[in-house]
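Reader: I have a new model open and want a quick tour. Can you walk me through it?

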Amino acid sequence: MLKVNLALQGGGAHGAFTWGVLDRLLDDEEIEVAGISGTSAGALNGAAFKAGMVAGGREGARAALDTLWGRMGAVNDMRLPAWMIGATYLPGDYTKMMEMSFPYTFAETMSRLTSPYAYGPFWTNPLRPVVDEFDFDKVCGEPGPDLFVCATNVRTGKIHIFSGDQITTDAILASACLPSIFRAVEIENPVTGEMEAYWDGGYTGNPALYPLFSPGLPDDIIVVNLNPMQRDEVPKSPQAIQNRINEISFNTSLLRELRLIEFAQRLVIERDIPEGTIKDLKIHMISDNDLMNELSVATKLVPNPFLLHRLKTAGRAAADRFLDQHKAAIGKESSVSLPDMFA
């Protein structure tokens with residue numbers, strides 16, 4: 001049995017790519033997921049995966065993920081009613097269509113001029129009914145993979161990791177709380193009794209890797225990457241500039257942790273540190289940069305079924321390529337060259 005940890009990035013509707021990755025990994029009975037660290041959509045995927053696995057094994061996990069993304073496809077855009085974005089159901093360059101459409105550009109402008117708090121008692125979080133459907137007895141229970149949910153403490157600016165029975169509807173909503181769209185999620189601090197406000201975990205850990213460094217978890221970490229590390233073209237339109245700012249900021253925390261892992265690995269080699277002093281982490285990555293370069297922040301905010309199923313299909317294909325090319329490396333060595341990444 002090949003035991004691995006999963007690090008699941010956030011990315012709104014692009015999280016359907018991770019749905020496809022997980023669906024393909026479930027096909028391979030030689031792979032066992034021991035730990036999951038997830039942010040935003042990664043946290044939703046992780047919670048569905050774990051609850052389903054505990055309830056019904058691999059087929060249970062597959063069914064839970066299908067149910068989650070079926071519900072996500074029924075959620076309107078976070079700022080626009082579904083009838084205003086119907087054009088995005090059509091094939092073709094729907095990313096450009098969405099970015100340049102009047103409803104989207106109007107909503108994008110308004111999000112910079114208004115706050116989610118401006119709606120008063122009429123504001124509701126559209127994701128709450130989706131997250132409320134999770135069986136938290138199974139999400140928080142000891143059976144199944146260890147689950148870690150990342151959020152950002154608004155007051156301190158520090159990362160916060162929810163685990164065990166701390167993982168609630170509010171914890172997952174906090175992990176997915178983009179502050180321009182959602183109100184901060186307030187959760188009681190069990191130590192001080194004070195209420196703490198949280199925003200999206202992507203600002204401080206997208207996702208956090210360090211919870212997966214536990215001695216009780218395997219050395220292999222598979223990162224499912226939703227934000228392109230590189231775009232060849234320099235963005236020039238307001239939409240493209242904002243999109244790239246979003247991608248860079250949400251990749252920074254992950255790159256920082258990967259750089260620290262690379263540094264630790266160099267220390268072991270260069271300073272002849274005794275074996276076992278530092279955990280011998282093996283890093284793998286599943287991504288589809290070509291597809292993600294076609295998409296943008298606009299498509300992250302519109303979970304329409306056409307896009308979700310395209311992303312799922314792409315995720316399955318990416319995971320299939322990974323298993324074909326790098327499965328033999330699991331448990332032996334990294335399939336990602338961190339020195340080359342930071343050269």
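Author: One term before we start. Buried means under 20% relative accessible area. Serine 40 is buried by that cut-off, because its relative accessible area is 8%. Keep in mind that this is a predicted model.

Reader: Where is serine 40 found?

Author: Serine 40 sits in the loop between E2 and H2.

Reader: What is phi of serine 40 near?

Author: Phi of serine 40 is near 55°. That is a positive value in a residue other than glycine.

Reader: Let me zoom out. How many helices and strands does the chain have?

Author: The chain has twelve helices and eight strands.

Reader: And what share of the residues counts as buried?

Author: Of the 343 residues in the chain, 50% count as buried. As for contacts, take those between residues at least 6 apart in sequence. In that set, 80% join residues at least 24 apart.

Reader: Back to E2. How many of its residues are buried?

Author: Eight of the nine residues in E2 (residues 31-39) are buried, and the strand is mostly covered. E1 is mostly covered too, with five of its seven residues buried.

Reader: In what sense do E1 and E2 pair?

Author: E1 (residues 2-8) pairs with E2 in the parallel sense, over seven bridges. Leucine 6 stands opposite isoleucine 36 of E2. Alanine 7 has serine 37 in E2 as its bridge partner.

Reader: Now helices. At what angle do H1 and H2 pack?

Author: H1 and H2 (residues 41-72) pack at about 155°, and their axes are 9 Å apart. Angles over 145 degrees count as roughly antiparallel, so H1 and H2 are roughly antiparallel to each other. H1 crosses H2 in a left-handed way.

Reader: Which residues make that contact?

Author: From H1, they include Trp19, Leu22 and Leu26. From H2, they include Phe49, Met53, Leu65 and Trp69. By class, the contact of H1 with H2 has ten nonpolar, two polar and five charged residues.

Reader: What about H1 and H11, at what angle do they pack?

Author: H1 (residues 16-27) and H11 (residues 305-326) pack at about 45°, with axes 6 Å apart. That angle makes H1 oblique to H11. The crossing of H1 and H11 is right-handed.

Reader: Which residues make the contact there?

Author: On H1, Phe17, Gly20, Val21 and Arg24 are among them. On H11, they include Leu308, Leu311, Ala314, Ala318 and Leu323. The classes in the contact of H1 with H11 are eleven nonpolar, three polar and six charged.

Reader: Different topic. How do E3 and E4 run?

Author: E3 (residues 146-153) and E4 (residues 159-163) run antiparallel, joined by five bridges. Phenylalanine 148 has serine 163 in E4 as its bridge partner.

Reader: How many residues lie between the strands of that hairpin?

Author: Five residues lie between the strands in the hairpin of E3 and E4. One of the hairpin's residues, glycine 157, takes a positive phi near 75°.

Reader: What does glutamate 196 touch?

Author: Leaving out residues up to four places away in sequence, glutamate 196 touches Asn153, Arg155, Val185, Glu186, Ile187 and Asn189. Glutamate 196 and valine 185 are eleven residues apart in sequence. In space they are 8.1 Å apart, C-alpha to C-alpha.

Reader: Which residues does the cis peptide bond join?

Author: A cis peptide bond joins asparagine 206 and proline 207, with omega about -15°. Proline 207 is in the loop between E6 and E7 (220-224).

Reader: Last one, threonine 169. Where does it lie?

Author: Threonine 169 lies in helix H7 (residues 169-175). Threonine 169 counts as buried, because its relative accessibility is 12%.

Reader: And what does threonine 169 touch?

Author: Not counting residues up to four places away in sequence, threonine 169 touches Arg128, Val131, Asp132 and Phe136.

Technical notes
Residues numbered from 1 in each chain as written. Predicted model: local features only at pLDDT ≥ 70, side-chain atom pairs only at ≥ 80, totals over all residues. Heavy atoms only, no water. Axes fitted to C-alpha atoms, helices over the stretch in contact; angles between N-to-C directions. Helix = DSSP H or I, 4+ residues; strand = E, 2+ residues; numbered from the N terminus. Parallel < 35°, antiparallel > 145°, perpendicular 65-115°, else oblique. Left-handed = near helix turned anticlockwise from the far one by under 90°. Contact = heavy atoms within 4.5 Å. Nonpolar A, V, L, I, M, F, W, Y, C, P; charged D, E, K, R; others polar. Buried < 20%, exposed > 50% of the residue type's maximum accessible area, 1.4 Å probe, protein only. Pairing = 2+ DSSP bridges.
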